[in-house]
Amino acid sequence: MTRGAVLAGLGAVPLAGCGAHRTSCTDAAVPSATGVRVVRGVVPTKRVRTVVRYAIAVPDGAPVDAVAYLLPGRGGTADDAIGIGIDGYLAEHVRRGGQRFAIAAFDAGESYFHPRANGEDRLGVATVDGPAAVRAALRVPVRGEAIMGESMGGYGALLAAEGQPRRYRAVAVASPAIFPSFADEDRSVGDAFDSAADYAAHDVTAHAALLRGVPVFLAIGEQDPFLPGVRRFARAYPGGRLTVAPGCHDVGFWRVHTQAMLAFVGAHL
């Protein structure tokens with residue numbers, strides 16, 4: 001199976017080595033979402049030609065003034081991101097005494113979270129227009145921000161943090177879709193970057209030093225085809241916390257590691 005299939009949204013896809021008749025190599029039960037509500041709306045933006053929606057998981061009680069932005073995988077929507085159980089995991093995190101914060105997801109589109117030659121700029125949506133919509137929805141000044149992502153969104157979260165390393169208090173990504181080279185991307189997906197120069201300009205591994213001092217959590221499955229790229233990134237940024245565990249590039253793996261991601265983010269917000 002090509003990596004293009006791997007990148008296709010948040011749906012579980014069977015990969016070679018993961019069992020052709022299984023939807024996930026690993027999985028975890030989703031906790032009850034009692035105590036967390038989901039607020040939905042539209043992001044006002046001119047950076048893309050389609051409607052971009054947001055979904056914010058917000059703990060009940062006093063207003064929260066800290067937000068972790070969650071970027072889904074390729075083609076994934078804000079509701080897809082919530083649908084893996086983020087509201088339940090956040091509720092459990094709070095029940096365990098963790099830091100209260102909101103998690104705001106945005107529609108991902110397919111342009112790989114960087115400015116493209118066709119004019120689309122999902123990175124700008126994720127870092128400018130989306131957060132502005134979230135602040136308006138929460139109706140409180142946001143004092144602390146973190147960024148999270150899965151698959152393509154994991155790559156996008158790292159790219160966003162490299163662009164504004166002093167902005168985000170933590171970065172937490174699962175199965176980030178990091179290509180070791182433009183040739184590797186060109187042989188598989190073939191449309192994540194406009195050219196070799198575009199890849200070089202947005203190569204999160206080559207620019208990993210920009211994250212100096214930023215707490216970074218990475219989790220990836222032993223059978224994930226992006227493991228070589230993630231290992232390469234971890235060598236370039238040894239200050240990150242890398243977890244390589246049993247699993248594939250699927251929703252089940254992300255569920256297994258969501259609680260750890262929230263604990264990591266919460267400890268820095």
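A disulfide is taken here as a pair of cysteine sulfur atoms within 2.5 Å, and the structure holds one such link. The model is a predicted one, in which local features need pLDDT of at least 70 and side-chain atom pairs count only at pLDDT 80 or more, while totals for chains, interfaces and linings use all residues. Residues are numbered from 1 along each chain as its sequence is written, and side-chain values use heavy atoms, with hydrogens and water left out.

The disulfide joins Cys 25 to Cys 248, whose sulfur atoms are 1.8 Å apart, and with -55° about the S-S bond the link is left-handed. Because Cys 25 sits in the loop between α1 (3-6) and β1 (36-42) and Cys 248 in the loop between β8 (241-245) and α8 (251-268), the pair ties together parts that are 223 residues apart in sequence. Cys 25 has 16% relative accessibility and therefore counts as buried, a term for under 20% relative accessible area with a 1.4 Å probe and protein chains only; Cys 248, with a relative accessible area of 1%, is buried as well.

A search of the whole structure for cavities of 30 Å³ or more finds two, a cavity being a set of points, on a 1 Å grid over the protein atoms alone, where a 1.4 Å probe fits but cannot get out. The largest cavity holds about 50 Å³ of space, the volume being that filled by probe spheres set on the points. Its lining, made of residues with an atom within 4 Å of a point, includes Tyr 112, Phe 179, His 202 and Asp 203, and divides into eight nonpolar residues, one polar and one charged.

Definitions and conventions. Helix = DSSP H or I, 4+ residues; strand = E, 2+ residues; numbered from the N terminus. Buried < 20%, exposed > 50% of the residue type's maximum accessible area, 1.4 Å probe, protein only. 1 Å grid on protein atoms, 1.4 Å probe; cavity = no way out; pocket = protein on both sides within 12 Å on 5 of 7 lines; lining within 4 Å. Nonpolar A, V, L, I, M, F, W, Y, C, P; charged D, E, K, R; others polar.
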